[in-house]
Amino acid sequence: MKSGIHSVYDLLVDISFLDWVKSPTKETNRFWEEWQGDSPERKLMLLEAKAIANGIDFKKTSPENIRKELIFKRIQDSIHEDKEEPAQENIKIKSKLEKGVAKNSWLKWAAVFIGILVMSGIYFFVLNESMITHRTAYGETKSILLPDGSEVKLNGNSSLSYSNSWEIGEERDVWLEGEAYFTVKHLRGHEKFIVHATTDFNVEVLGTEFNVLNRKGKTKVVLSSGKVMLNLQKESSEERLQMAPGEMAEYLHHEKIITKKEVDPQVYTSWRNNRLLFEDTSLREIKTILESTYGLKVLVADSKLLEKRVYGSAPSNDVTLLLEGLERSLGNEISIEGKLVTIK
């Protein structure tokens, strides 16, 4: 297991990481899944580094040259877009470079500038600044407007990462850890919108509304309207599964298995309207929600209670009212002390 990786920069200078992004295999997928484990920091680090590396055309650029390509593209874009007068220090650097580099020799100029960036500590900043990440605390929800006009409602204890600009004709990629409800805008160019849940599993759409829950080795996709395509990258092939409205697909990360069934989408998406609906919901499922979304520790006096089914609803934006509603629906006494919840 790698021990010298502490930042996105460390990942981007790791050839084995770049090789994995270029040509993932069952073995390397398993390695990086195990490397990130249950660490939120490592998961976010991996998502951001993979997002940056995915912007490189590996057909034209080898993993060994990917870092030069990233800086080269960033510098070239900055020069074309920058309309302000350059700082005096930059003018001096530019004049020195121009003496030995032809005006149309962009790659040589970029290679020289890489050294300046690395020495000045700007390298990591240049690579990382292109990503935007939204995070929510336990019990918090957040509404996000994406660059294309699509809307996302992020549930508690979740994070969403994406590029700060999407070019016309390019796929719209986002990376999710936790839970979110997506309302995707259909563009005239039919650009795909892709939600990356794991290194080998994603949700592909054009324009639709759906919910994705990605936690603890399991991803659930519930489709409210439109169509989505689930893509599972296997060792030597790709499995594609289309969903219709009113269906829920569940992907088990380690087993590499996808199952699908019909459900009532409202039960799984009501949280975005500050309500939780329970319709033949097991206490085991509710316990997971309370722990993962709200950061509570739930103790159940009798393990047999975990299979008890619950019906009803409760507000999701107030933990105290939520537990009171659950107590009425469940019919069992519930006590709370700090973050510890006991179901008697």
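The secondary structure of this chain comprises eleven helices and 18 strands. The model is a predicted one. Of the 344 residues in the chain, 43% are buried.

In soluble globular proteins, nonpolar side chains tend to be buried together. In this chain the largest nonpolar core contains 29 residues, and the members that touch the most other members are L146, L160, V174, F182, F193, F210 and L230. Strand 5, which covers residues 172–183, supplies the largest share of this core, namely four residues. A second, separate core has 22 residues, including Y294, V300, L306 and V341.

F182 gives a view of the surroundings within the largest core. Apart from neighbours within four places in sequence, F182 is in contact with E151, V152, L160, V174, L176, F193, V195, T208, E209, F210 and V212. Several of these partners, among them L160, V174, F193 and F210, also belong to the group of core members that touch the most others.

Eleven residues separate V221 and F210 in sequence, and their C-alpha atoms are 7.1 Å apart in space. V221 has a relative accessible area of 1%, under the 20% limit, and is therefore buried. When neighbours within four places in sequence are set aside, the contacts of V221 are V203, F210, N211, V212, L230, M243, E247, M248 and A249.

A buried position can also occur in a loop. A197 is located in the loop between strand 6 (193–196) and strand 7 (201–205). Its relative accessibility is 9%, so A197 counts as buried. Residues up to four places away in sequence aside, A197 touches L176, N202, N214 and T219. The C-alpha atoms of A197 and L213 are separated by 8.7 Å, although these residues are 16 residues apart along the chain.

Helix 3 (residues 26–36) and helix 4 (residues 40–53) have axes that come within 8 Å and cross at roughly 135 degrees. Helix 3 is therefore oblique to helix 4. In their contact, W32, W35 and Q36 of helix 3 meet R42, K43, M45 and L46 of helix 4. The residues of this contact comprise four nonpolar, one polar and two charged.

Eleven of the 14 residues are buried, so helix 4 is largely enclosed by the rest of the structure. The buried residues are K43, L44, M45, L46, L47, E48, A49, K50, A51, I52 and A53.

The axes of helix 10 and helix 11 (residues 319–330) come within 13 Å and cross at roughly 175 degrees. The two helices are therefore roughly antiparallel to each other. Here L283, I286, L290 and Y294 from helix 10 meet V319, L322, L323, L326 and L330 from helix 11. The residues of this contact are nine nonpolar, with no polar and no charged. One of them, Y294, is also a member of the second core.

Helix 10, residues 283–294, also contains S292. S292 counts as buried because its relative accessibility is 6%. Beyond its neighbours within four places in sequence, S292 is in contact with Y138, N157, R215 and K216.

Most residues other than glycine have a negative phi. The phi of N157, however, is positive, near 55 degrees, and the residue is not glycine. N157 lies in the loop between strand 3 (151–154) and strand 4 (159–163). With a relative accessibility of 29%, N157 counts as partly exposed. A positive phi is also found at H190, where the value is about 60 degrees although the residue is not a glycine. H190 is placed in the loop between strand 5 and strand 6.

Conventions:
Residues numbered from 1 in each chain as written. Predicted model: local features only at pLDDT ≥ 70, side-chain atom pairs only at ≥ 80, totals over all residues. Heavy atoms only, no water. Core = buried A, V, L, I, M, F, W, Y, C linked by side-chain atoms within 4.5 Å. Buried < 20%, exposed > 50% of the residue type's maximum accessible area, 1.4 Å probe, protein only. Contact = heavy atoms within 4.5 Å. Axes fitted to C-alpha atoms, helices over the stretch in contact; angles between N-to-C directions. Parallel < 35°, antiparallel > 145°, perpendicular 65-115°, else oblique. Nonpolar A, V, L, I, M, F, W, Y, C, P; charged D, E, K, R; others polar.
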